[in-house]
Amino acid sequence: MSLSVLLDRLARTDTVARVGRVTRILPTYIQADGPAVARGAICAIQTRSSQTGIGEILAQVVGVNADSIILAPFETGAATFPGAVVTARGQADLAPVGDAFMGRAVDAFGRPLDGGGPIATETRARLGGEPGGALERTASRLPLETGVRAIDSLLTLGQGQRVGVFAAAGVGKTSLMNQLARQVQADRCVICLVGERGREVEALWSRGLSKEAKARTVLVAATSDEAAAMRVRAGDYALALADHWRRQGHHVLFLLDSATRLAMALRETGLAAGEPPTVRAYTPGVFAAIPRLVEGCGALASGGAITAVMTVLAESDEVDDPISEMMKSLLDGHILLSRKLAEQGHFPAIDVPRSISRLSGGLVAADRRADVERALALLSVFEHSRTLIETGVYARGASPQIDEAIDARPALNAFLRQATDEHVAPAEGFSALSRALGGSRADG
């Protein structure tokens, strides 16, 4: 350990022993009469088991009262007891980061999940990253290559953009995220899985990534059976890893699946801390924490960028629940997936007319913009007229715009379809779009 690192740790060390005692135990939180620490601090709670004897678990302080604190354990089924000793731990807001984590799968504390042995690093960073002031953030002018034709051509994204993938359950969010993890051109990739099933975590890490993609990726996972405090910390820790590399000037791809399950975990800890429930029982803390996560991503004027793609699990196919509406207002764009398209075997099931990239206007070359605008107009006209067309009410010749949209539909549908293992370069995608539109003009 270097002298500077040692001195930094000594400066941050609390030399006063701060302790308290457990006074109340409930399924989701533990109450104690101390120690006197701030909200967000980490404490160790004494446990006792007939199998393991005396031990301890870690918990985060989520509420502070005049004579007590409320702790959310990072483990479920804590075998603690009334009167158990609660001890404050130092450096609660710091977490290990660095290149040693590339190619590894870890939990919310940076502990290995992949059986690859301990991860040695002396570098620590603040949980949640340090986004800096508003004028330090900027909009990147560099397009992001995803390899997905529908996105690169019609919903062009930029490096440092924050975008959401919105859909109800079972419409293909995870498959699209896996494809982006393999194909997006970035220096580093941080994948954060919050509240996912364990088998999906294993499938992504073992089979979902190529060898090259895995080498530049760190996976942070907190599955659905883990405590809410662990799921919340996973999001903060993943962002700390991404921000560390961004500050070194790297372009980092940050994939969060899902923002909705992170909000649910925040709701659970908020209710335990005594926050009042609001719409859909979400606590005020949820609507404060999620914007900080989104603003923590993006590009910096000094160099480096975090491109964030966050899935949002909508309550219904209408995508109008509170978390979805909040995320739409915070992000730089949203990609909506359609159940109707997914049921037709159309992948990726992107509902292009209802999706938007707020940065695409400055990223698409002028000579290509005309094709993009025409394709979007044709897709939009068809969607607005779908009921008339499919019920047979519309008579051909009544509207030249609808006739053109009907003629263009087969070619555009073929253009928007793409296999999960297919990578299409942006230039090739724009050429394919031009050919699709040319075919519709010829047919018309």
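This is a predicted model: local features need pLDDT of at least 70, side-chain atom pairs count only at pLDDT 80 or more; totals for chains, interfaces and linings use all residues.
Strand 2, which covers residues 30–32, pairs with strand 5 in the antiparallel sense over three bridges. Strand 4, residues 53–64, also pairs with strand 5 in the antiparallel sense, here over five bridges, and within that pairing Gln-60 has Ala-72 of strand 5 as its bridge partner.

Now to the burial of strand 5 itself. Five of the five residues in strand 5, residues 69–73, are buried, so the strand is largely enclosed by the rest of the structure. In a regular strand the side chains alternate between the two faces of the sheet. Here Ile-69, Leu-71 and Pro-73 point one way, while Ile-70 and Ala-72 point the other way, and all of them are buried.

Stepping back to the whole arrangement, six strands close into a barrel in the order 1-2-5-4-3-6, with antiparallel pairing, and the twist from one strand to the next averages 45°. At the ends of that order, strand 1, residues 19–25, and strand 6, residues 85–89, pair in the antiparallel sense over three bridges, with Val-86 in strand 6 as the bridge partner of Gly-20.

Finally, a word on helix 3, which spans residues 173–183 and is mostly covered, eight of its eleven residues being buried. Among the buried residues are Leu-176, Met-177, Leu-180 and Ala-181, and the list also includes Lys-173, Asn-178, Gln-179 and Gln-183.

Key: Residues are numbered from 1 along each chain as its sequence is written. Side-chain values use heavy atoms; hydrogens and water are left out. Buried means under 20% relative accessible area, exposed over 50%, partly exposed in between (1.4 Å probe, protein chains only). Helices (H or I, at least four residues) and strands (E, at least two) are DSSP runs, numbered from the N terminus. Two strands pair if DSSP finds at least two bridges between them. Axes are lines fitted to C-alpha atoms, for helices over the stretch in contact, and angles run from 0 to 180 degrees between N-to-C directions.
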